[in-house]
Amino acid sequence: MAKVYYDKDINTASLQGKTVAIVGYGSQGHAHAQNLRDSGHNVIVGLRKGKSFDKAKEEGFDVRTVGEAVKDADVTMVLLPDEGQPKVYEAEIKDNLKENSALAFAHGFNVHFNQIVPPENVDVFLVAPKGPGHLVRRTYQEEAGVPALYGVFQDVTGNASDVAKAYAQGIGAARAGVLETSFQEETETDLFGEQAVLCGGLTSLVKAGFETLTEAGYQPEVAYFECLHELKLIVDLMYEGGMENMRYSISDTAQWGDFVSGPRVINEETKARMGEVLTEIQNGQFAKGWILENQAGRPQYNAINNSEYNHPITAVGQELRDLMPFVQNPIR
Ligand SMILES: NC(=O)C1=CN([C@@H]2O[C@H](COP(=O)(O)OP(=O)(O)OC[C@H]3O[C@@H](n4cnc5c(N)ncnc54)[C@H](OP(=O)(O)O)[C@@H]3O)[C@@H](O)[C@H]2O)C=CC1
Ligand SMILES: CC[C@](O)(C(C)=O)C(=O)O
């Protein structure tokens, strides 16, 4: 089994007394900044003027321009959107990095696909939480954590790996498990997971189920509860105790249906499509398409985003969630 690091295995000395600049204060940025601060580390935040800048200030951080934050940092963690990182890196990060400091990422995309080429005089590592930023923060506050991968791309000081692990510990990841990876493995598996399973696979599965029921004349509210709301409850059982725990809790009728009907929906054909998705990630075709889409001003992204928002599952979901005040909905 691969080595998994927990709090007890990590020496945090390599990060203590150092200044960590968190560049960006969105989903991951706010979580890393707040968790590291609560873990006793010295955090400054680098941002442009705007919504995030005001929020980070209100939340008590020393907020500076990106360049000013990077200048003073021993570790610069880049938590800008992937597609915007190369421009900000060239204009404000590259020439402000201190010699022998560390340049860090939460996803290997730009380094792996050569959109950012770091200088030779800094350590380069990634700490990639395996969960959404808002959960990185929420679980930390609940004395739990989200697992993370760490990987070293360049080690000029000989300490990159220790600093990366200490960073992962500081954001709470070592409560759940921290695992070594490479930039290539993190980038390719993360893109695959979010496209084929976690985001793309799941939304397509939910919509297909919702459409099948509503097109057959069933009430949209029933279809919503069945195909989306209950998904969380089922996934919680798998999160807590694997598929065996979910199967322990569901009825034998449901389990028989799981065995005989599941593979009719998700099968070798689906796996072949997943294989195509993986190949396009590995050979750079997906990355190229995403970079070009951004250069063109995101015409397809915006069109699909609008049509997804207008899917009937959105309206019925909003109505039903409004009637469940206990459901945490940060975008309500
Ligand atoms: N979202 C997630 O849960 C995960 C993300 N990651 C990785 O983490 C990184 C950050 O992603 P994510 O947290 O989703 O990003 P978000 O889109 O949530 O946040 C981006 C932040 O960057 C700021 N920003 C954008 N452009 C600039 C600029 N030109 N100058 C200064 N600040 C700017 C935004 O501020 P403003 O308010 O001014 O726009 C905002 O604070 C990415 O590499 C991503 O792949 C990894 C694991 C999970
Ligand atoms: C699943 C999406 C993710 O990879 C994540 C939250 O881990 C992302 O990049 O947002």
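## Ligand 1

In this predicted model, an oxygen atom of ligand 1 is 2.6 Å from an N or O atom in the side chain of aspartate 82. Such a polar contact is a pair of N or O atoms within 3.5 Å; within protein, one must be able to donate a hydrogen and the other to accept it, and residues adjacent in sequence count only if both atoms are side-chain atoms. Arginine 48 places a polar side-chain atom 2.8 Å from an oxygen atom of ligand 1. From the backbone, a polar atom of glycine 133 lies 2.9 Å from an oxygen atom of ligand 1. Taken on its own, ligand 1 has 900 Å² of accessible area, and the protein covers 75% of it (Shrake-Rupley method, 1.4 Å probe; for residues, only the protein chains shown count as cover).

The shell around ligand 1 has 22 residues, and the closest are Tyr25, Gln28, Arg48, Ser52 and Asp82 (a residue is near a molecule or strand if one of its heavy atoms lies within 4 Å of it). By class, the shell has ten nonpolar, nine polar and three charged residues. Ala, Val, Leu, Ile, Met, Phe, Trp, Tyr, Cys and Pro count as nonpolar, Asp, Glu, Lys and Arg as charged, and the others, Gly among them, as polar. Helices H1 (27-38), H2 (51-58) and H4 (85-93) each supply at least two residues of this shell. Helices (H or I, at least four residues) and strands (E, at least two) are DSSP runs, numbered from the N terminus.

Polar side-chain atoms approach oxygen atoms of ligand 2 at 2.7 Å from glutamate 194 and at 3.1 Å from aspartate 190. Alone, ligand 2 exposes 280 Å², of which the protein buries 62%.

Glycine 131 sits in the loop between strand E7 (123-129) and helix H6 (133-141). Leaving aside neighbours within four places in sequence, glycine 131 is in contact with Gln28, Val136 and Val146 (heavy atoms within 4.5 Å).

## Helices H8 and H9

The axes of H8 (residues 183-198) and H9 (residues 200-215) come within 3 Å and cross at roughly 5 degrees. H8 and H9 are therefore roughly parallel to each other (angles under 35 degrees). Glu194, Gln195, Ala196, Val197 and Leu198 in H8 meet Gly200, Gly201 and Leu202 in H9.

## Basis

Residues are numbered from 1 along each chain as its sequence is written, and chains are lettered from A and ligands numbered from 1 in the order in which they are written. Local features need pLDDT of at least 70, side-chain atom pairs count only at pLDDT 80 or more, and totals for chains, interfaces and linings use all residues, while side-chain values use heavy atoms, with hydrogens and water left out.

How values were computed
Axes fitted to C-alpha atoms, helices over the stretch in contact; angles between N-to-C directions. Parallel < 35°, antiparallel > 145°, perpendicular 65-115°, else oblique.
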